[in-house]
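The following note sets out points for a colleague to consider while viewing the model. Each point may be checked against the displayed coordinates.

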Amino acid sequence: MQRRFWVGLSLLCGATPLAAQGDASSWILTRSKITYHVSHPLHQTDGMSYEARGKGVCQNGQCSFLIGAPVKSFNSGDSNRDLHMIQVVRGAQYPMVVVRTTLPESAGSQDTVRADLEIEFAGQTVHYSQVPFQLVMHGDDANIEGTIPMTLSDFKIDPPSLLTIPVKNEVPVKVEMLWHKEK
Amino acid sequence: MQRTIFACCGAALSVLLAIPAQGQTGAVSGKVSAGSGAPIPNAQVSVKNDSTGAARETLTDSAGGYQIADLAPGAYELSVSANGYRPASQDLIVTAGETSSVNVTLAENLSLGDLGFTSAQTQGSQADQARLDQRSHMLKMHQRFGILTAVSFVATLISSQSAGGRRSSSSGRNWHAGLGILNTGLYFTTAYFAIFAPKIPGTETRGQIRIHKYLAWIHGAGMIVTPILGGMAYNQRSNGQRVTGAASYHGAAAAITATAFGLAIISVSIKF
């Protein structure tokens, strides 16, 4: 009944464009560091990329974000290991890691944002639900930090091995990002 | 005359009956546009009755306009979708005899092009992947043969105890020589898989793999010199002579070669 009242009221007020609920705004990824961690009995390796690019578009109270990073931009400090990583994750065939998520505009007022992520990587698309990210706002800038609990099996990646010993299936990915809001 | 009166009455009656029939339905119309204000033609607009589940749909015209008529009064969900845009939906009430106006603005779907990535960066290459697969396969073989070579290195060094010095014996020398030949064969098989693994253009060598490659120059040269010196020493000993001249450096050359080979394995196995 209440819903009908509000819908009726909006109709009485004339046309109801969906976009009228909020001004369109956008977010630009200005700085980022993405780090994957690989565990092996002989090695603990971190590979980092600073080359992610991202954009968010807010409309109707919802913000859609797209983040992309070239697979080959991850640097673990050893070119041989990086080439091997690119091979096992089929990085020449699928050269980009792409992350999509949608968040309510109101999420900007919270300390912790829980995001449903859609990740395209190694030719697979995997959803991770309610991944927590710490959010710190500084005016129009937003610092976001969190860890995505990725595993190799999620993306049908055969664990690479060193001296015939495979690495662990868990490859957590730490995300540190600075976003800037543009109106 | 009487027929004409009946015909007029019938026509009037049918008109009167038709008026309430039209008034029992409502309609929805509006315009679908992008965030920039540009109209979106061929967007799919559908309405679904909340209580009956009955659905109707249409496409927007070239000006982004749409209209769906003859809807039973009630609550509906209006959904709009178009290629390249995020779908949107909204609740609405259809009232008998009225046309509800609902304009919809669709947000554009972001693409990697919007982030500034070129198609060269985002398009994959099966050929490049095949080259990487081949490279990894060969380096995996390099690793496996490397482990076998390391084992044969140790066995050859142990057997050297009965091949030279005071405890030298003919059978000990033969064992050592045989293991040495096996070791040399394994070594060059190992080297083959590394040397002929496909190279990836534009790759700058960095990290501990550089140490691995530098050490290869030492044990590679050692694996050429050591068997030659070993053959010379074998002949001298077999002829009942003392090992002299260049052949006397066989042991030292073997020790340096084995050490460099061991360090090369460690350089890619343990992170420092």
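Predicted model: local features only at pLDDT ≥ 70, side-chain atom pairs only at ≥ 80, totals over all residues.

1. Asn42(B) has 12 C-beta neighbours inside 10 Å and therefore counts as exposed. The phi angle of Asn42(B) is near 60°, a positive value in a residue other than glycine. Asn42(B) is situated in the loop between strand E1 (26-34) and strand E2 (44-49) of chain B.

2. Asp70(B) also deserves a look at its backbone. Its phi is positive, at about 55°, although Asp70(B) is not a glycine. Asp70(B) belongs to strand E4 (residues 65-71) of chain B.

3. The nonpolar packing may be taken next. The largest nonpolar core holds 61 residues, and those touching the most other members are Val89(A), Val28(B), Val32(B), Leu78(B), Val80(B), Leu92(B) and Leu106(B). For Val80(B), the contacts beyond four places in sequence are Val32(B), Ala43(B), Val45(B), Pro87(B), Ala88(B), Val104(B) and Leu106(B). Another core, of 11 residues, lies apart from the largest one and includes Leu229(B), Ala233(B), Ala258(B) and Phe261(B). In soluble globular proteins, nonpolar side chains tend to be buried together.

4. Helix H3 of chain B can be checked for its length. At 1.5 Å a residue, its 34 residues should span 50 Å, and the end C-alpha atoms of H3(B) are 49 Å apart, which agrees. The buried residues of H3(B) are Leu132(B), Gln143(B), Gly146(B), Thr149(B), Phe153(B) and Thr156(B). These buried residues pack against H2 of chain A, together with H4 and helix H6 (250-269) of chain B.

5. Which residues of H4(B) are buried? They are Arg173(B), His176(B), Leu179(B), Gly180(B), Asn183(B), Tyr187(B) and Thr190(B). The cover over the buried residues of H4(B) includes helix H3 (126-159) and helix H5 (209-238) of chain B.

6. The packing of H3(B) on H4(B) is described by an angle of about 160°, with the axes 8 Å apart. That angle makes H3(B) roughly antiparallel to H4(B), since the class covers angles over 145 degrees. The crossing of H3(B) past H4(B) is left-handed.

7. On H4(B) and H5(B), the axes come within 11 Å and cross at roughly 165°. H4(B) is therefore roughly antiparallel to H5(B), and H4(B) passes H5(B) in a left-handed crossing. On the H4(B) side, the contact is made by Arg173(B), Ala177(B), Gly180(B), Thr184(B), Tyr187(B) and Ala191(B). The H5(B) side contributes Gly220(B), Met223(B), Pro227(B), Gly230(B), Tyr234(B), Arg237(B) and Ser238(B). Arg173(B), Gly180(B) and Tyr187(B) are among the buried residues of H4(B) and also take part in this contact.

8. How many residues of chain A are in contact with chain B? The number is 42, and they are in contact with 46 residues of chain B. At least two residues each are supplied to the chain A side by helix H1 (2-12), strand E3 (53-59), strand E4 (62-70), helix H2 (79-88) and strand E5 (96-104) of chain A. The largest share of that side, seven residues, comes from H2(A).

9. Chain A as a whole has two helices and 11 strands, in the sequence order α-β-β-β-β-α-β-β-β-β-β-β-β. Of its 183 residues, 32% are buried. Among contacts in chain A with a separation of 6 or more, 58% join residues 24 or more positions apart.

10. Met177(A) lies in strand E11 (residues 173-182) of chain A and is partly exposed, because 19 other C-beta atoms lie within 10 Å. The C-alpha atoms of Met177(A) and Thr30(A) are separated by 7.8 Å, although the two residues are 147 residues apart along the chain. Beyond four places in sequence, Met177(A) touches Leu29(A), Ser32(A) and Ile144(A).

Note on methods:
Residues numbered from 1 in each chain as written. Chains lettered and ligands numbered in written order. Core = buried A, V, L, I, M, F, W, Y, C linked by C-beta atoms within 7 Å. Buried ≥ 20, exposed ≤ 12 C-beta atoms within 10 Å, placed from the backbone. Contact = placed C-beta atoms within 7 Å. Helix = DSSP H or I, 4+ residues; strand = E, 2+ residues; numbered from the N terminus. Axes fitted to C-alpha atoms, helices over the stretch in contact; angles between N-to-C directions. Parallel < 35°, antiparallel > 145°, perpendicular 65-115°, else oblique. Left-handed = near helix turned anticlockwise from the far one by under 90°. Expected span 1.5 Å × (residues − 1).
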